[in-house]
Amino acid sequence: MDASTFADTIERQRAKSAGPEVSFYRDALKASQEFRKEYVDRVNVVKHDQMPMERSADGLIKHIINERMDTKECCIDIYMQFIEAQKATGTSRHLTEEIAFVIEGTGHDLHYDVQFECKVAFEWTWDTTPKKYEWGPGDFIYVPPYVAHKRVNTSDIEARVIVCNSRVMKAIGLDWFDQLEPAEGFEDVWVPPAD
């Protein structure tokens, strides 16, 4: 046995056997160069009147940073959530953790904790009784990955909450994002979950 290798002759022959000819590596180098050229012209500062509004299934939101806004930020999406007095968002879940900061209003989050097992495929279950977390101006809210959650405004003024989500899970192939129920009045823009 040759101590300098664990491969046998057959493996050595297979290692260099002809497969399809590609240019993945070279293409990646060229793509990186193009990205760096294009990145220079991306936006550093997004002015308040450049931030688009959206009637989403989670309610009215204003996108501060989004991957489709041509900014230099490549990993995080941020939006401002507007929740009418005595109203709530829809219920959503996503495999990214979420952080939020309350600008104004008082209320609470309902979090349906998730449990899972990884067998042949993931098997997910969610608590049927949510945990309730009270919040108000200046508070920070943390939503763990894939926890179904809903935000409820209990105040008599419109609540405004800054919400941040990472794009990293999406980039590694775990783009799991579902709107389980729409916010009241936003049913027309709801995309129900596939499963």
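The tour below visits cores, pockets and cysteines.

Before you click: this is a predicted model, where local features need pLDDT of at least 70 and side-chain atom pairs count only at pLDDT 80 or more, while totals for chains, interfaces and linings use all residues. Residues are numbered from 1 along each chain as its sequence is written, and side-chain values use heavy atoms, with hydrogens and water left out.

**Stop 1: the cores.** Select Ala100, Val102, Trp135, Ile141, Val161 and Val163: these have the most contacts inside the largest nonpolar core, a group of 15 residues. (A nonpolar core is a set of buried Ala, Val, Leu, Ile, Met, Phe, Trp, Tyr and Cys residues joined through side-chain atoms within 4.5 Å; buried means under 20% relative accessible area, exposed over 50%, partly exposed in between, with a 1.4 Å probe and protein chains only.) Now colour strands E3 (76–83), E5 (98–104), E10 (140–143) and E12 (159–166), which each give two or more residues to this core. E12 has the largest share, three residues. (Strands, E, at least two residues, and helices, H or I, at least four, are DSSP runs numbered from the N terminus.)

Next, pick out Val46, Met51, Met69 and Ile162, which are among the eight residues of a second, separate core.

**Stop 2: the largest pocket.** Select His63, Asn66, Asp77, Tyr79 and Phe177, the residues nearest its centre out of 35 in the lining. Its volume is about 960 Å³. (On a 1 Å grid over the protein atoms alone, a pocket is an open set of points where a 1.4 Å probe fits, with protein on both sides within 12 Å along at least five of seven lines; lining residues have an atom within 4 Å of a point. The volume is the space filled by probe spheres set on the points, which are joined across faces, edges and corners.) Elements supplying at least two lining residues include E3, E12, helix H3 (168–171) and strand E13 (177–181).

**Stop 3: the second largest pocket.** This one comes to about 150 Å³. Go for Leu60, Phe82, Ile83, Glu84 and Phe186, the closest to its centre of 13 lining residues.

**Last stop: the cysteines.** The structure holds zero disulfides (pairs of cysteine sulfur atoms within 2.5 Å). Cys74 is partly exposed at 35% relative accessible area, and Cys75 is partly exposed at 40%.
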